[in-house]
Amino acid sequence: SIRVQLCKTLLKNCVSELRSVVELSLEVFVSLIKGFREFLRGEIEIFITDIFLRVLESSSSTFERKALVLKVFSRISKDRTTILEIFLNYDAKADVMSSAGGLLERIVNAMVKVTQGKGQDLKLKHSALDSLQAVLACIYKFVADYRRVAEKEAAEA
């Protein structure tokens, strides 16, 4: 199917030696996660765990690779709906509660490690902090909205 072929090609291109190929592939991934995430749940998890998290967690990954991955996480983190859907689809379900943690939890932990890493470039640390701040802002806004709705419903009851 087209979906399988697209995902295989993107996976292959995300680890290419050519920066322009990687950048274009990452742009396609961001577009897919924003526009077609309901159809690509399994594939999104594979991309994030097998490509992006491995790059951030590996001491042998280059600055350039880590910066590209953090750029993707930064774009994803600024989209409240995407962050909430990642949490709801990969973290909040009982069947994903494992020692490895949920997907959003693993993303956040990887970014925290970048901010704490010795010898990490300040630009990488700043990018990771910006993404973490955006994730927290999304969660805060969601909780505030939920609390406001709950208080309104309680007042009307």
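Two residues are in contact when heavy atoms of one lie within 4.5 Å of heavy atoms of the other. The legends below use the word in that way, and the model they describe is predicted.

**Figure 1. Helices α5 and α7 of the predicted model pack against each other.** Helix α7 covers residues 122-156. From α5, the residues Arg 80, Ile 83 and Leu 84 meet Val 135, Cys 138, Lys 141, Phe 142 and Asp 145 of α7. Sorted by class, this contact holds five nonpolar residues, three charged residues and no polar ones. The axes of the two helices are 9 Å apart, and the packing angle is about 80°. Angles of 65 to 115 degrees count as roughly perpendicular, so α5 is roughly perpendicular to α7.

**Figure 2. Helix α5 also packs with helix α6.** Here α5 is residues 80-91 and α6 is residues 103-116. Their axes come within 7 Å and cross at roughly 120°. The two helices are therefore oblique to each other. On the α5 side the contact is made by Ile 83, Ile 86, Phe 87, Tyr 90 and Asp 91. On the α6 side it is made by Leu 103, Leu 104 and Glu 105. Six residues of the contact of α5 with α6 are nonpolar and two are charged, with no polar residue among them. Ile 83 of α5 takes part in this contact, and Ile 83 also meets α7.

**Figure 3. The largest cavity is lined by residues that include several from α5.** The protein has four cavities of 30 Å³ or more. The volume of the largest is about 50 Å³. Which residues line the largest cavity? They are Ile 33, Arg 37, Arg 41, Ile 44, Thr 82, Glu 85, Ile 86, Asn 89 and Tyr 90. Two elements, α3 (41-57) and α5, each give two or more residues to this lining. The largest share, five residues, comes from α5. By class, the lining has four nonpolar, two polar and three charged residues. Ile 86 and Tyr 90 belong to the lining, and Ile 86 and Tyr 90 are also part of the contact of α5 with α6.

**Figure 4. Met 111 is a buried residue of helix α6.** Is Met 111 buried or exposed? Its relative accessibility is 0%, and buried means under 20%, so Met 111 counts as buried. Apart from neighbours within four places in sequence, Met 111 is in contact with Leu 70, Phe 73, Ala 128, Ser 131, Leu 132 and Val 135. Val 135 is also one of the α7 residues that α5 meets. Ile 33 is 78 residues from Met 111 along the chain, and the C-alpha atoms of the pair are separated by 19 Å.

**Figure 5. Lys 66 is a buried residue of helix α4.** Helix α4 is made up of residues 63-77. Lys 66 has a relative accessibility of 7% and therefore counts as buried. Which residues does Lys 66 contact, leaving aside neighbours within four places in sequence? They are Val 55, Leu 56, Ser 58, Ser 61, Gln 120 and Leu 124. Lys 66 and Leu 56 are 10 residues apart along the chain, and 5.6 Å separates their C-alpha atoms.

**Figure 6. Glu 27 and Glu 57 are both partly exposed.** Glu 27 is in helix α2, residues 19-35, and has a relative accessible area of 33%. Not counting residues up to four places away in sequence, Glu 27 touches Lys 71 and Arg 75. Arg 75 is 48 residues from Glu 27 along the chain, with 9.8 Å between the C-alpha atoms. Glu 57 lies in helix α3, and its relative accessibility is 45%. From Glu 57 to Val 114 the C-alpha distance is 8.2 Å, while the two residues are 57 apart in sequence.

**Figure 7. The whole protein contains seven helices and zero strands.** From the N terminus on, the order of elements is α-α-α-α-α-α-α. The C-alpha trace spans about 60 × 45 × 30 Å along its principal axes. Of the 157 residues, 40% count as buried. Among contacts with a separation of 6 or more, 60% are between residues 24 or more positions apart.

Definitions and conventions. Residues are numbered from 1 along each chain as its sequence is written. This is a predicted model: local features need pLDDT of at least 70, side-chain atom pairs count only at pLDDT 80 or more; totals for chains, interfaces and linings use all residues. Side-chain values use heavy atoms; hydrogens and water are left out. Axes are lines fitted to C-alpha atoms, for helices over the stretch in contact, and angles run from 0 to 180 degrees between N-to-C directions. Helices (H or I, at least four residues) and strands (E, at least two) are DSSP runs, numbered from the N terminus. Angles under 35 degrees count as roughly parallel, over 145 as roughly antiparallel, 65 to 115 as roughly perpendicular and the rest as oblique. Ala, Val, Leu, Ile, Met, Phe, Trp, Tyr, Cys and Pro count as nonpolar, Asp, Glu, Lys and Arg as charged, and the others, Gly among them, as polar. On a 1 Å grid over the protein atoms alone, a cavity is a set of points where a 1.4 Å probe fits but cannot get out, and a pocket is an open set with protein on both sides within 12 Å along at least five of seven lines; lining residues have an atom within 4 Å of a point. Grid points are joined across faces, edges and corners, and a volume is the space filled by probe spheres set on the points. Buried means under 20% relative accessible area, exposed over 50%, partly exposed in between (1.4 Å probe, protein chains only).
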